[in-house]
Amino acid sequence: MLNLEGRLMAVMEKGTTQKVLSSLMTASFKNKVTRKAFLRALEKAMWRLSFKGPQRPEKVHYERALMARALLNSIERTLNSGTLSDRCMNALWEIFLGKVFISGIPKRKNFAQTHGFRPPCFVTISPTNVCNLKCKGCYAGEIYTRHTLKFDVFDRAINEIKEHFGAHFLVISGGEPFMYRHDGQTLMDILEKHNDVYFMAYTNGTMITREVARRLGELGNFTPSISVEGFAAETDERRGHGVHRRILEAMGHLREFGVPFGISVTPTRYNADMLLSDEFVDYYFFKQGAFYGWYFQYMPIGRQPSIDFMVTPEQRLKMLKRIWSLVEEKKLFIADFWNSGTASDGCMAAARGGGYFYIMWDGTITPCVFIPFKDRSGGNLYSLYQEGKTLLDAIQTPLFREIRRWQDNYWINQPKDKCGNLLVPCIIRDNSVAFREIVSRTGAQPVDEGACSFLSFIEQDSLPRYNREYRRLVDPLWEKEYVGGNGQSAATAEKKSG
Ligand code: SF4
């Protein structure tokens with residue numbers, strides 16, 4: 001007879017359907033003590049599985065385990081805060097933990113058996129590029145034609161994501177997601193219709209009025225990740241006068257109606273130090289009550305891209321160490337899209353197993369939010385549907401396949417001692433020359449002018465030079481601390497984790 005931890009491991013590792021688990025999970029939800037016991041069992045199971053995964057250097061396993069622990073710790077802190085609405089608590093427990101982490105796994109294993117490859121575990125959709133603000137440097141500025149995904153197409157794509165990939169987590173981006181309107185339907189209608197999916201949206205927060213927050217508290221299956229640029233001065237400087245005050249009001253409304261929220265930031269060479277300061281972290285995580293944080297280092301794509309805004313190689317290294325200290329010591333769930341490659345098992349683009357892909361407001365399908373290139377024939381949702389195809393076809397295009405082939409060769413199919421450096425995991429940003437070759441081979445098309453500028457940064461060697469400079473700093477670190485085996489064994493690491 002398996003104990004709870006054993007049952008969880010059986011589902012997560014082997015995809016064994018454990019009917020009894022869902023009733024145990026529901027029963028554990030009733031109070032702090034039983035929830036804690038369940039989360040501890042889940043943490044132990046995830047900790048062990050992090051070390052049992054594919055062959056990677058020990059420290060990679062250790063950092064995966066640390067990130068999983070930080071996520072569960074953040075969830076527990078939020079559930080126990082006493083501030084969440086009943087619906088939000090329930091959705092976090094039953095959908096996010098239950099479906100995303102546990103019961104979706106057998107379905108994903110079945111997919112792998114049928115199709116010969118593992119499915120992505122989430123999708124990011126930007127249903128509109130319309131926005132109510134005019135932030136400096138944003139791609140959703142006025143020069144772009146406004147686009148909005150048709151409601152029935154948006155809805156159909158979500159149904160396919162659930163049915164085909166067994167995925168119950170969706171990320172909504174923009175434009176501003178709360179500006180989405182088509183045929184009289186809004187984002188709220190999507191949340192209500194797909195109440196078996198947990199949604200996270202990147203938002204500027206200014207449209208989260210008291211009424212919107214009340215509705216979100218009733219729906220439960222949604223968490224906003226609110227963009228901030230720093231404190232009031234920095235946020236207002238980029239986003240407009242008074243925006244920071246409106247963000248704080250939104251956070252107040254979300255607390256009042258019990259909706260969990262996080263923050264997202266864009267470190268550049270000018271603000272990176274401030275965004276990782278104690279003062280900033282304490283303010284948003286402990287004073288305002290954010291339960292997670294995303295750090296998206298400035299990427300030279302979109303409107304008028306410039307290499308000069310990117311964090312310097314030295315800053316990036318400093319950020320790497322700082323992010324991991326927050327995850328390890330404060331157990332905060334904070335991920336840096338380019339510095340957390342060990343936690344995500346490398347680049348997640350192109351619908352690789354456990355990864356994701358991106359659907360834009362006009363139906364364009366790209367391998368990643370940060371890869372503004374589409375396959376030359378299968379890169380649009382509307383055309384796919386007209387041809388009687390589905391999202392299963394979208395992830396099998398030459399562009400997606402070539403990126404997955406690169407991922408396989410870089411680390412996925414490599415033995416431990418030949419694993420590519422996961423501190424520089426990104427196909428487009430860190431391995432720009434390889435990316436350029438993939439674009440040439442597949443004939444992939446840039447989706448906007450910023451993407452064309454990005455190619456010129458590669459051709460003029462400015463991005464490859466940046467890549468080489470950063471590698472000079474992190475290749476020795478990777479060799480010594482990861483490949484060199486100064487990592488942690490599962491047992492010692494577990495002890496250390498407490
Ligand atoms: S392409 Fe880069 S940004 Fe996109 S998932 Fe891969 S590592 Fe992350």
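Predicted model: local features only at pLDDT ≥ 70, side-chain atom pairs only at ≥ 80, totals over all residues.
Reader: Which residues of H18 are buried?

Author: H18 covers residues 449-459, and Ala451, Phe454 and Phe457 are buried there. These residues cover an arc of only 105 degrees around the axis, so they lie on the same side of H18.

Reader: Why would residues a few places apart point the same way?

Author: An α-helix has 3.6 residues a turn, so residues three or four places apart point the same way.

Reader: And what is on the other side of H18?

Author: Cys452, Ser456 and Glu459 are on that other side, and they are exposed.

Reader: What do the buried residues of H18 pack against?

Author: They pack against strand E12 (373-374), strand E13 (445-446) and H19.

Reader: Is Trp478 buried or exposed, then?

Author: Trp478 counts as buried, because 21 C-beta neighbours lie inside 10 Å; the cut-off for a buried residue is 20 or more.

Reader: What does Trp478 touch?

Author: Leaving aside residues up to four places away in sequence, Trp478 touches Asn421, Leu423 and Val483.

Reader: What does the C-alpha trace span along its principal axes?

Author: The span of the C-alpha trace is about 60 × 55 × 50 Å. Of the 498 residues, 48% count as buried.

Reader: What share of the contacts comes from residues 24 or more positions apart?

Author: Among contacts with a separation of 6 or more, such residues account for 74%.

Reader: Now the sheet. In what order do the 9 strands come?

Author: The order is E9-E8-E7-E6-E5-E2-E1-E10-E11, in an open sheet with mixed pairing. Strand E9 (334-336) and strand E11 (365-366) are the edge strands, each pairing on one side only.

Reader: How does E9 pair with E8?

Author: Strand E8, residues 293-295, pairs with E9 in the parallel sense over 3 bridges. Within this pair, Trp294 stands opposite Ala335 of E9.

Reader: And which strands pair with E2?

Author: Strand E1 (residues 122-125) is joined to E2 by 3 bridges, and the two run parallel. E2 also pairs with strand E5 (residues 198-203), in the parallel sense over 4 bridges.

Reader: Which residues stand opposite Val171?

Author: Thr124 stands opposite Val171, and in E5 the bridge partner of Val171 is Met200.

Reader: Which face of E2 is Val171 on, covered or uncovered?

Author: Val171 is on the uncovered face together with Phe169, whereas Leu170 and Ile172 make up the covered face.

Reader: Where is the cis peptide bond?

Author: The cis bond joins Gly174 and Gly175, with omega of about 10 degrees. Gly175 is in the loop between E2 and strand E3 (181-182). Most peptide bonds are trans.

Reader: Back to phi: what is the value for Lys331, and what for Ala350?

Author: Phi of Lys331 is near 55 degrees, and phi of Ala350 is near 65 degrees. Lys331 is in the loop between helix H13 (313-329) and E9, while Ala350 is in the loop between E9 and strand E10 (356-359).

Reader: Last topic: which residues surround the ligand?

Author: The surrounding residues include Phe337, Cys347, Met348, Ala349, Cys368, Phe370 and Arg429. By class, the shell has 11 nonpolar, no polar and 1 charged residues.

Notes:
Residues numbered from 1 in each chain as written. Buried ≥ 20, exposed ≤ 12 C-beta atoms within 10 Å, placed from the backbone. Contact = placed C-beta atoms within 7 Å. Arc of directions from axis to C-beta. Near = placed C-beta within 6 Å. Nonpolar A, V, L, I, M, F, W, Y, C, P; charged D, E, K, R; others polar. Pairing = 2+ DSSP bridges.
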